[in-house]
Amino acid sequence: MARPRVFSGIQPTADSFHLGNYLGALRQWVPMQETHDAFYCVVDLHALTVSPEPAQLRARTRVAAAQLFACGLDPERSTVFVQSHVREHTELTWILLCLTGMGEAARMTQFKDKAAKYGESAAGVGLFTYPMLMAADILLYQADQVPVGADQKQHLELTRDLAQRFNHRFGDTFTMPEPFIPKEVEKITDLQDPTAKMSKSSSSPQGILDVLEQPGPLRKKIMRAVTDTGSEVLFDETNKPGISNLLRIQAALTGTPIPELVARYEGQGYGTFKKDVAEAVVETFSPIRERTEKLLSDETELDRLLAIGAERAAAVARETMAVVRERVGFLPKL
Ligand code: TRP
């Protein structure tokens, strides 16, 4: 039997991915290339919704792709590509937009949150239609499974609704994608505000651990992470959210269960514990940073790898679009 197909995307909106991205996405994607037919996309069209400078968008797209390869995605086994390299994404988006209700789109909580935060006028039509572009990404590749964080589940529901609507109206065309929520989705929070998610858009620089950061600053941020009253290393999300977050980080990076960590640090106070967490982070990130730097030092080679990915992706996308065009009634071009 053919391997199930997996599709996921990540936005090139920062100069580095952070620990939350690493645990929630990148690290989940790597083993799936052994079991799935994997497509991973740097979604630069989505990134355009926050109006980046052109040079910055270009640089961040390369940095994002380099980090994906540096984390262990193998261009031989996975299809890693840049969204704007495959024109079919925008073409299918238009067709899906024509199947989406105004109210349906207006109910997307991520849009509502962003519109509330930046003001209705700053939130453009691009941001409003972002979920339908995401649906196009997924449906173009006939993905069976889509690894996503909890914040993207509603977008996946919309994708399924649109697939079903299209299939019902025009005939069976799209595979119904299932969300793939990784077994232990580690909830990583801001080091300075451990009740808020670690996030590019809302965390302060001191609250976020970047994959490409040097060991010195990484250690410093962890040593200065907000901890809780008391001095015992205990897992207690309500009374000790800071320590609990650090425990989660260390458990995720070392594979040691939290109760075992708690037992190990009994009677030792926060200092030793934090030092060990810092080491676990540095040991994980340093090799990735070094490989990323190496990949970025040869842009021609990096761009060549992305061209191979784009070619493979486009072959699938073209096939889907040929069917879609015929089904919706576009006149064939002789
Ligand atoms: N919207 C997703 C996020 O912000 C990124 C994304 C775009 C995506 N297209 C996708 C994720 C397709 C999964 C599948 O995290």
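So, Y130: one of its polar side-chain atoms sits 2.7 Å from a nitrogen atom of the ligand, a polar contact in the sense of a pair of N or O atoms within 3.5 Å. Before I go on, this is a predicted model, with local features needing pLDDT of at least 70, side-chain atom pairs counted only at pLDDT 80 or more, and totals for chains, interfaces and linings using all residues. Residues are numbered from 1 along each chain as its sequence is written, and side-chain values use heavy atoms, with hydrogens and water left out.

Back to the ligand. D137 has a side-chain N or O atom 2.7 Å from a ligand nitrogen, and for Q152 that kind of pair is at 2.9 Å. There are 13 residues around the ligand, and H46, Y130, M134, D137 and Q152 come nearest; "around" here needs a heavy atom within 4 Å.

Helix α4, residues 88–97, packs on helix α7, residues 125–140, at about 120 degrees, with the axes 8 Å apart. Helices are DSSP runs of H or I, at least four residues, numbered from the N terminus; axes are lines fitted to C-alpha atoms over the stretch in contact, and angles run from 0 to 180 degrees between N-to-C directions. That makes α4 oblique to α7, where under 35 degrees is roughly parallel, over 145 roughly antiparallel, 65 to 115 roughly perpendicular, and the rest oblique. On the α7 side, the contact residues include T129, M132 and D137, and α4 brings, among others, E88, H89 and L92; contact means heavy atoms within 4.5 Å. By class, that's 9 nonpolar, 3 polar and 2 charged.

Next pair: which way do α9 and α12 run relative to each other? The axes of α9 (residues 215–223) and α12 (residues 269–296) come within 9 Å and cross at roughly 150 degrees. That makes α9 roughly antiparallel to α12. From α9 the contact takes P215, L218, R219, I222 and M223, and α12 contributes residues including K274, F285 and R289. The tally is 9 nonpolar, 2 polar and 5 charged.

Last one, α1 (residues 19–35) with α10 (residues 241–254): axes within 12 Å, crossing at roughly 40 degrees. So α1 and α10 are oblique to each other. L19, Y22, L23 and R27 of α1 meet I249, A252 and L253 of α10. That splits into 6 nonpolar, no polar and 1 charged.

Terms used
Helix = DSSP H or I, 4+ residues; strand = E, 2+ residues; numbered from the N terminus. Nonpolar A, V, L, I, M, F, W, Y, C, P; charged D, E, K, R; others polar. Polar contact = N/O pair within 3.5 Å; in protein donor to acceptor, adjacent residues only side chain to side chain.
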